[in-house]
Amino acid sequence: MKHTVRAALGRSLGAALLLALLAGCGASAGGSESSAASEQASGLLPETGSVSSSEVQPEEGSETAEADSAAASSDLEPEAQALTEEEVLAMAAGTVLTAEEMPGLDADLLFTESTLTDEVFARMDGVSYPEGCTVSRDDLRYLRVLHIGFDGEVHIGEMVCNRSISGDLLEIFRALYDAAYPIEKMLLIDEYGGDDEASMADNNTSCFNYRTVSGSDHLSAHAYGLAVDVNPLYNPYVTSAGYFPANSGDYVDRSADTPYKIDESDLCYQLFTDHGFIWGGNWNSVKDYQHFAMED
């Protein structure tokens, strides 16, 4: 009987010891998992099934957040605002007006003429209006117009001319603008130091410049503000000795199909001649395809 109780007690203690050992192993395993989780959280161990940074997929909604951030950044950039006529008139010649700035503008108010202000005359003095110029400052007018550039955009143009043709020129350039006739540049020749060759080479449309006819001592019609050269690079001055500007060789042959060519079917020719101007392309001894002059 004693041996039976002792054996039973031994089995009970053995079972209890075995359960304790098993519990200890479980706790140890749990502690390891807890330790591993702690290390994973601290970044010491890669997570199970971890991927490289290049494979990480964005969290749901992160793309929207990035888009919102980009939109917020773009909102910081100023958008083009519609301009007033006063703002356009205050801009420098050569300025390009964007489509966003144009709505609501009255083009009639942007084709203007004025006497030569001190500011304008300061640009001309000693350049296109040299010492000894015999043309009275009062006989000249400063024009502001719009024109369509070769880029298809609206440009602000300027020109000094004789007051006797200022009205004609405003009407002509307004009609050319309405027809989207391309004129690349229209700046005072003073921007080129009064150098006619440099202005032509840059395809600048201009009028007044107190100078003589090339190769002579006779005053040009430009000296009186009575002649306009339009897109001169593409419509050169051609003589038996050569052509001007020097970079216009590709446009000397008028039978060729060249861009921006003025001929008798061209709108520019039609408008100027309708207003009484003489076209240099019809001269006999030389050909000046850019040139329209009003005889005084």
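## A proline and its contacts

Pro232 counts as buried, with a relative accessibility of 0%; buried means under 20% relative accessible area, exposed over 50%, and partly exposed in between, computed with a 1.4 Å probe on protein chains only. The model is predicted, so local features need pLDDT of at least 70 and side-chain atom pairs count only at pLDDT 80 or more, while totals for chains, interfaces and linings use all residues. Residues are numbered from 1 along each chain as its sequence is written, and side-chain values use heavy atoms, with hydrogens and water left out.

Pro232 lies in the loop between β5 and β6 (237-239). Helices (H or I, at least four residues) and strands (E, at least two) are DSSP runs, numbered from the N terminus. Apart from neighbours within four places in sequence, the contacts of Pro232 are Ser199, Met200, Asn203, Asn204, Thr205, Pro245 and Gln290, where contact means heavy atoms within 4.5 Å.

## Whole chain

The protein has seven helices and ten strands. Of its 296 residues, 36% are buried. Among contacts between residues at least 6 apart in sequence, 55% join residues at least 24 apart.

## Helices α5 and α7

Helix α5 (residues 166-178) and helix α7 (residues 267-274) have axes that come within 10 Å and cross at roughly 155°. Axes are lines fitted to C-alpha atoms, for helices over the stretch in contact, and angles run from 0 to 180 degrees between N-to-C directions. The crossing angle therefore makes α5 roughly antiparallel to α7; angles under 35 degrees count as roughly parallel, over 145 as roughly antiparallel, 65 to 115 as roughly perpendicular and the rest as oblique. The crossing of α5 with α7 is right-handed, a term for a near helix turned clockwise from the far one by less than a right angle, with anticlockwise giving left-handed.

On the α5 side, the contact is made by Leu169, Ile172, Phe173, Ala175 and Leu176, which meet Leu267, Cys268, Leu271 and Phe272 of α7. By class, this contact has nine nonpolar residues, no polar ones and no charged ones. Ala, Val, Leu, Ile, Met, Phe, Trp, Tyr, Cys and Pro count as nonpolar, Asp, Glu, Lys and Arg as charged, and the others, Gly among them, as polar.

## Nonpolar cores

A nonpolar core is a set of buried Ala, Val, Leu, Ile, Met, Phe, Trp, Tyr and Cys residues joined through side-chain atoms within 4.5 Å. The largest core has 41 residues, and the members that touch the most others are Leu169, Phe173, Phe272 and Phe292. Elements giving two or more residues to this core are β3 (140-148), β4 (154-162), α5 and α7. The most come from α5, which gives six residues. A second, separate core has 14 residues, including Met124, Leu140, Tyr210 and Ala223.

Phe292 has contacts in several parts of the sequence. Leaving aside neighbours within four places, these are Leu226, Ala227, Val228, Val230, Ile262, Cys268, Tyr269, Phe272, Phe277, Ile278 and Trp279.

## Backbone exceptions

Most residues other than glycine have a negative phi, and most peptide bonds are trans. The peptide bond from Phe244 to Pro245 is cis, with omega near 0°, and Pro245 is found in the loop between β7 (242-244) and α7.

Two residues other than glycine have positive phi values to note here. Asn203 has phi near 60° and lies in the loop between α6 (196-201) and β5 (227-229). Tyr260 has phi of about 60° and is found in the loop between β7 and α7. Asn203 is buried at 0% relative accessible area, whereas Tyr260 is partly exposed at 31%.

## Two further loop residues

Asn235 lies in the loop between β5 and β6 and is buried, at 0% relative accessibility. Not counting residues up to four places away in sequence, Asn235 touches Val230, Arg254, Tyr260, Lys261, Ile262, Tyr289 and Gln290. Its C-alpha atom is 7.8 Å from that of Ser248, 13 residues away along the chain.

Ser128 is found in the loop between α4 (118-124) and β3 and is buried, at 1% relative accessibility. With residues up to four places away in sequence left out, Ser128 touches Ile189, Asp190, Phe208, Asn209 and Tyr210.
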